[in-house]
Amino acid sequence: MALLKMAVLLSLLRVSFTSADPVNITAEPGKTVVLPCQTPNKNNIRVIEYRRADLEPDYVFLHPNKSNQEKQHELFKNRVELQDKQMKDGNVSLVLNHVTFSDNGVYKCHVLSKEGNEKKFYNKTITLTVEKREDEEKKGEGNQQNSATGLIIGVVIAVVCVALAVFGVA
């Protein structure tokens, strides 16, 4: 009965909700990544919010952002922008520049649009994992091994030179 009342109320308010399948994205530190969000409501986009619930404040990006810049979390200031500022075809994907390990997390894209008298809400969840590529880690390990080998060779040469100096060379 309660569900029926809720359905009637929502139909009177002319509100609809849509959620998309969640997406998992992997990025490397220092790179640029796109958090994809494509709303089916291609016209009359009123508000776009990207949030991360584990942050305070939790706003990653807010459009329009004229008076809302103080709500944006410090981590994302001057690092995020819409991929398509015109939002053509409902593309409200967010570009995140200079990715860091602090960017790991679950992002929520919320979009409010209006068609006639009807308000439409769209939601998408994006999980971003920031990690080094394996070949870069192995390359770093190789450099450490080369440094250790160089150190050992250097010590051996120093010992030989000292021995030659002490005992003389005939």
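Start by selecting Tyr107: this residue is buried, with a relative accessible area of 0%. Buried here means under 20% relative accessible area, while exposed means over 50% and partly exposed lies in between, using a 1.4 Å probe and protein chains only. The model you have open is predicted, so to speak of local features a pLDDT of at least 70 is needed, side-chain atom pairs count only at pLDDT 80 or more, and totals for chains, interfaces and linings use all residues. Residues are numbered from 1 along each chain as its sequence is written, and side-chain values use heavy atoms, with hydrogens and water left out.

**Stop 1: the aromatic pair**

The structure holds one aromatic pair, and Phe76 and Tyr107 form it edge-to-face, at 6.2 Å centre to centre with 80° between the planes. Rings of Phe, Tyr and Trp (its six-membered ring) pair if their centres lie within 6.5 Å; planes under 30 degrees apart count as stacked, over 60 as edge-to-face and the rest as tilted. The pair links distant parts of the chain, 31 residues apart: Phe76 sits in the loop between strand 5 (59–63) and strand 6 (80–82), and Tyr107 in strand 8 (residues 105–115). Phe76 counts as buried too, at 0% relative accessibility.

**Stop 2: the disulfide**

A disulfide joins Cys37 to Cys109, S to S 2.1 Å; the rule asks for a pair of cysteine sulfur atoms within 2.5 Å, and by it the count comes to one disulfide. Cys37 lies in the loop between strand 3 and strand 4 (45–51) and Cys109 in strand 8, so the link ties together parts that are 72 residues apart in sequence. Look along the S-S bond: the angle about it is -85°, making the link left-handed. Both cysteines, Cys37 and Cys109, are buried.

**Stop 3**

Three strands form an open sheet in the order 3-7-6, with antiparallel pairing. Its edge strands are strand 3 (33–35) and strand 6, each pairing on one side only. From one strand to the next the twist averages 30°, where axes are lines fitted to C-alpha atoms, for helices over the stretch in contact, and angles run from 0 to 180 degrees between N-to-C directions. Two strands pair if DSSP finds at least two bridges between them; strand 3 and strand 7 (residues 94–96) have three, in the antiparallel sense.

**Stop 4: Ser93**

Next, pick Ser93, in the loop between strand 6 and strand 7. Is this residue buried or exposed? At 6% relative accessibility, Ser93 counts as buried. Leaving aside neighbours within four places in sequence, Ser93 is in contact (heavy atoms within 4.5 Å) with residues including Val34, Cys37, Tyr50 and Glu81.

**Stop 5: strands 4 and 5**

Move to strand 5, where four of the five residues are buried, so the strand is largely enclosed by the rest of the structure. Strand 4 and strand 5 pair in the antiparallel sense over four bridges. Select Glu49 to find its bridge partner in strand 5, Leu62.

**Last stop: the whole chain**

Zoom out: there are two helices and nine strands in the protein chain. Helices (H or I, at least four residues) and strands (E, at least two) are DSSP runs, numbered from the N terminus. Of the 170 residues, 29% count as buried.
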